[in-house]
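Hi,

Here is the structure I said I would pass on to you.

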Amino acid sequence: MSNANSEPAPPIDDLIHQFRTNLEPHASKPNTDRRPHELVLLSFAVSIGAIAGAVAIGFAAPILIPAAVLLLTISMVSPATVRKLTTIWPLSLVPGSYTADPMRFAALFALISIPISGIAGFAVYRNVMPGTSNGGNSPTPVSAFVAPASPTATRVEQTPTEVAATPTVTESTPTPTPPTPTPVPPTPTQVPATQAPASPTPAPLVLTDEQKSYLDDLYSKGSILANSDELFSNLIDSISNNPSKMDDPAWQKQVDIQFGIWEAMYESSKSVKAPAGLGIINGKWIEFLGHKNLAADELSRGIRQDNEQLISKGETEMETSYEDAQELNDLLDNFLSQFNGQPDVQFN
C-alpha cells in the first residue's frame, strides 16, 4: 500500500545532471589573477640566476675539470672513497640510482661537468685574459694607448733687411817676379859592382853505418811481421764460414805460431839500442810491438777459453797496434826524406 501511494523515483540521468549542477560552482578554477609585471620580474630573476650560475661555473672551470678527472681516477682505484663522498652535501642530493655504482657516477659527473665547465670557462676567460679583447687573439698595439701628438705650427715672420752695397776700389800693386833658376843635372858617377861570394854547396847527408845497420834490421823484422799478419788474417777469415774450426788443433797451432812470432819480436827488440837520430823511431817500434804482444796474449787465452771478453780485448790491442804502425811509417818517411835513394818500408 505504501509503495503504491509514494511518488515515483526520479530517473538516474536526472540525478547525475543535478549532481554536476551542484558541483560546478565549487569546482576549482585556475589562478588567472597573477599580474603581468610579476611574470616579468620572475623571468628576470631566473635569467639573472642562470647567468650568475654560468659565470660561476666558468670561473670554477680550472677546478671542476681536474676534480672530475680526479673523481674518475679515485673511482677506479678506491670505489669505497667515492661512496663516502656521495654522502656529503651537495652530492647527497643526487638520486641513489646514479650513486650506486661509483664508476658510473664518476663517469656521468665527468661527462656533464667537463663540457659545461669548458664552454663556460672559455666564455669567461676569453674576456678577462690580456690580449683577447674584442674576441681577438693578438695583443692591442701600444700605439692605441698613446694619444697622437698634434703638431703645432709655429709661424715665423721674417723681416727682410736691406743691405746697401758699398763699392770697394782695389788698387793693383805690381809684384816683382824673381828669375827662375835652371836646374843642372848631376853627373852620374859609375861605381863598380861588387860580386857576392858564392855560397858553398852543402854536402848531401849520408846515413852512417850504424844507421844503415839499424834500418836494415828494422826492414827485415818489418817484412817478417807483414807476412805473419797476412797469415793471421787468412786464419781468421777461414773461420768466418765455419766457426767450429776454432776447436781444430791444427788451426790453433797455426795461430799460436803467429802469436809466438810477435812475442819473440817484442822481446828481442827491447834490448836494441838505437843509433843517433833514430831514438824516436825506435821508441815507436817498441810501442808497436808491445801492443802486438798484448794482443797475442789476450787472443790466445780467449780462443782456448772461448771467452768473448778476452777476444774483444785482444782485438782492441790489435787496432792500437795498427795506429802505432801508421805513426811509425810517418816517422820513417820524415827521417828518410833527408836522404836520397834510400829504401822505404811499410809496417802493417
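Below is what turned up, starting with the overall fold and then going into side chains.

A word on the ground rules. This is a predicted model, where local features need pLDDT of at least 70 and side-chain atom pairs count only at pLDDT 80 or more, while totals for chains, interfaces and linings use all residues. Residues are numbered from 1 along each chain as its sequence is written, and side-chain values use heavy atoms, with hydrogens and water left out.

**The overall picture**

The protein has 11 helices and 0 strands. Here helices (H or I, at least four residues) and strands (E, at least two) are DSSP runs, numbered from the N terminus. Of the 348 residues, 22% count as buried. Buried means under 20% relative accessible area, exposed means over 50%, and partly exposed is in between (1.4 Å probe, protein chains only).

Two packed helices are described by the angle between their axes and the distance between the axes. The axes are lines fitted to C-alpha atoms, for helices over the stretch in contact, and the angles run from 0 to 180 degrees between N-to-C directions.

Take α8 and α9: their axes come within 10 Å and cross at roughly 155 degrees. That makes α8 roughly antiparallel to α9. The cut-offs are under 35 degrees for roughly parallel, over 145 for roughly antiparallel, 65 to 115 for roughly perpendicular, and oblique for the rest. The crossing of α8 and α9 is left-handed (the near helix is turned anticlockwise from the far one by less than a right angle; clockwise would be right-handed).

Now α8 and α10: they pack at an angle of about 25 degrees, with their axes 13 Å apart. α8 and α10 are therefore roughly parallel to each other, and α8 passes α10 in a left-handed crossing.

Helix α8 is also the place of Leu215, which is buried with a relative accessible area of 3%. Leu215 and Leu278 are 63 residues apart in sequence, yet 9.1 Å apart in space, C-alpha to C-alpha.

**Rings around Trp262**

A search of the whole structure finds 5 aromatic pairs. Rings of Phe, Tyr and Trp (its six-membered ring) pair if their centres lie within 6.5 Å; planes under 30 degrees apart count as stacked, over 60 as edge-to-face and the rest as tilted. One of the pairs is Phe232 with Trp262, which is edge-to-face at 5.3 Å centre to centre, with 65 degrees between the planes. Phe232 lies in helix α8 (residues 209-238) and Trp262 in helix α9 (residues 249-269), so this pair ties together parts that are 30 residues apart in sequence. Both Phe232 and Trp262 are buried.

Ring pairs also bring in Phe259, linking Phe232, Phe259 and Trp262 into a cluster.

**Salt bridges**

The whole structure has 9 salt bridges, each a side-chain nitrogen of Lys or Arg within 4 Å of a carboxyl oxygen of Asp or Glu. Among them is the one between Asp256 and Arg304 (2.2 Å, N to O). Asp256 lies in helix α9 and Arg304 in helix α10 (residues 279-305), so the pair ties together parts that are 48 residues apart in sequence. Asp256 is partly exposed at 28%, whereas Arg304 counts as exposed at 51%.

Lys284 and Glu287 also meet in a salt bridge (3.2 Å, N to O). Both lie in helix α10, 3 residues apart, about one turn of the helix. Lys284 is buried at 14%, while Glu287 is partly exposed at 36%. These two belong to a network of salt bridges that links Lys284, Glu287, Asp324 and Glu327.

Asp306 has a positive phi of about 55 degrees although it is not a glycine. You will find Asp306 in the loop between α10 and α11 (308-336), where it counts as exposed at 63% relative accessibility.

Cheers
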